[in-house]
Amino acid sequence: MLVFVFFPGCLYTYSLDNNETVAEFISPKFFGEGFPYSQKCKWRFVVPQNKKLQINFLEAYLEGDDTIDIHNGWDSGSSLGTIKSTKRPGADGYASQSNVITLEFESKARDPSRKPSRGFRGTFKVIDSKGEFYFW
C-alpha cells in the first residue's frame with residue numbers, strides 16, 4: 001500500500017491584496033536536497049475578487065513520474081495544465097478564469113533508479129481579463 005505524507009509547508013494558501021501585484025513561491029527544500037519522496041502537496045494562489053491571476057514557473061525540476069497539476073479554482077476545477085519530468089512548464093504560464101489557482105504536486109515513492117525531484121519555483125501575479133499584467 002502506497003502512503004502519502006504531507007510535508008510541512010505543503011498546504012499553503014498564498015494571496016495578494018489590493019496593494020500587491022506579484023509574488024514568488026517555492027517548493028520546500030528547493031535549494032537543498034530536493035523534495036521528499038511519497039509526498040502529495042497543495043498550494044492555492046488567490047487574488048482579490050473580480051481579478052484573475054497567472055502562474056509562471058521560473059524553474060521546475062521533476063524526476064520520474066512526479067507531477068504538478070494546475071487547476072482553476074479552489075480544488076480540482078478545470079485543468080490549466082500538467083508538468084512532468086518529460087513535459088516542461090508552458091512558456092506563457094497558466095492563467096486562471098477566476099481569482100484562484102490550485103497547484104497539486106505529487107512526488108512518487110522512492111525508487112533506486114532515481115533521485116528526488118528538486119522541486120520548483122515561480123511567480124504569480126494579478127492580470128486583467130485580457131491576460132495583461134494588472135496595475136492598480
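Okay, hi everyone. Some ground rules to start. The model is predicted, so local features need pLDDT of at least 70 and side-chain atom pairs count only at pLDDT 80 or more, while totals for chains, interfaces and linings use all residues. Residues are numbered from 1 along each chain as its sequence is written, and side-chain values use heavy atoms, with hydrogens and water left out.

So, pLDDT: that's the predictor's confidence in each residue, from 0 to 100. Here the chain's mean is 80, and 85% of the residues reach 70 or more. But where pLDDT is low, the predicted coordinates should not be read in detail.

Now the overall picture. There are 0 helices and 9 strands. Both are DSSP runs, numbered from the N terminus: helices are H or I with at least four residues, strands are E with at least two. Of the 136 residues, 45% are buried. Buried means under 20% relative accessible area, exposed means over 50%, and partly exposed is in between, using a 1.4 Å probe and protein chains only. If you take the contacts with a separation of 6 or more, 77% of them join residues 24 or more positions apart.

Let's look at how strands line up. Two strands pair if DSSP finds at least two bridges between them. Strand E5, residues 67-72, and strand E6, residues 79-84, are antiparallel, with 5 bridges. One example is Thr 67, whose bridge partner in E6 is Lys 84. E5 and E6 make a hairpin with 6 residues between them, and Gly 73 in the turn has a positive phi of about 95°.

Then we have an open sheet of 4 strands, in the order E2-E9-E4-E7, with antiparallel pairing. Which strands stand at its edges? They're E2 (22-26) and E7 (94-95); each has a single partner strand, so one side of each has no neighbour in the sheet. Strand E4, residues 52-61, pairs with E7 over 2 bridges, and Ile 55 sits opposite Tyr 94 of E7.

On to the rings. Phe, Tyr and Trp rings (for Trp, the six-membered one) count as a pair if their centres lie within 6.5 Å; planes under 30 degrees apart are stacked, over 60 edge-to-face, and the rest tilted. Searching the whole structure turns up 10 aromatic pairs. One of them is Tyr 14 with Phe 124, a tilted pair at 6.3 Å centre to centre and 55° between the planes. Tyr 14 is in strand E1 (residues 13-15) and Phe 124 is in strand E9 (residues 119-127), so this pair ties together parts that are 110 residues apart in sequence. Tyr 14 is partly exposed, at 22%, whereas Phe 124 is buried, at 1%.

Another pair is Phe 57 with Tyr 94: edge-to-face, 6.2 Å centre to centre, 80° between the planes. Phe 57 is in E4 and Tyr 94 in E7, 37 residues apart, so to speak a link between distant parts of the chain. Here Phe 57 is buried at 12%, and Tyr 94 is buried at 7%. Ring pairs also join up into a cluster, including Tyr 14, Trp 43, Phe 57, Tyr 94 and Phe 124.

Last stop: two residues, Thr 13 and Ile 101. They're 88 residues apart in sequence, and their C-alpha atoms are 10.0 Å apart. Thr 13 is in strand E1 and is partly exposed, with a relative accessible area of 45%. Not counting residues up to four places away in sequence, Thr 13 touches Arg 44, Val 46 and Trp 74.

Leaving aside neighbours within four places in sequence, the contacts of Ile 101 include Trp 43, Arg 44, Ile 55, Gly 73 and Tyr 94. Ile 101 and Asp 75 are 26 residues apart along the chain, and their C-alpha atoms are separated by 8.4 Å.

Definitions and conventions
Contact means heavy atoms within 4.5 Å.
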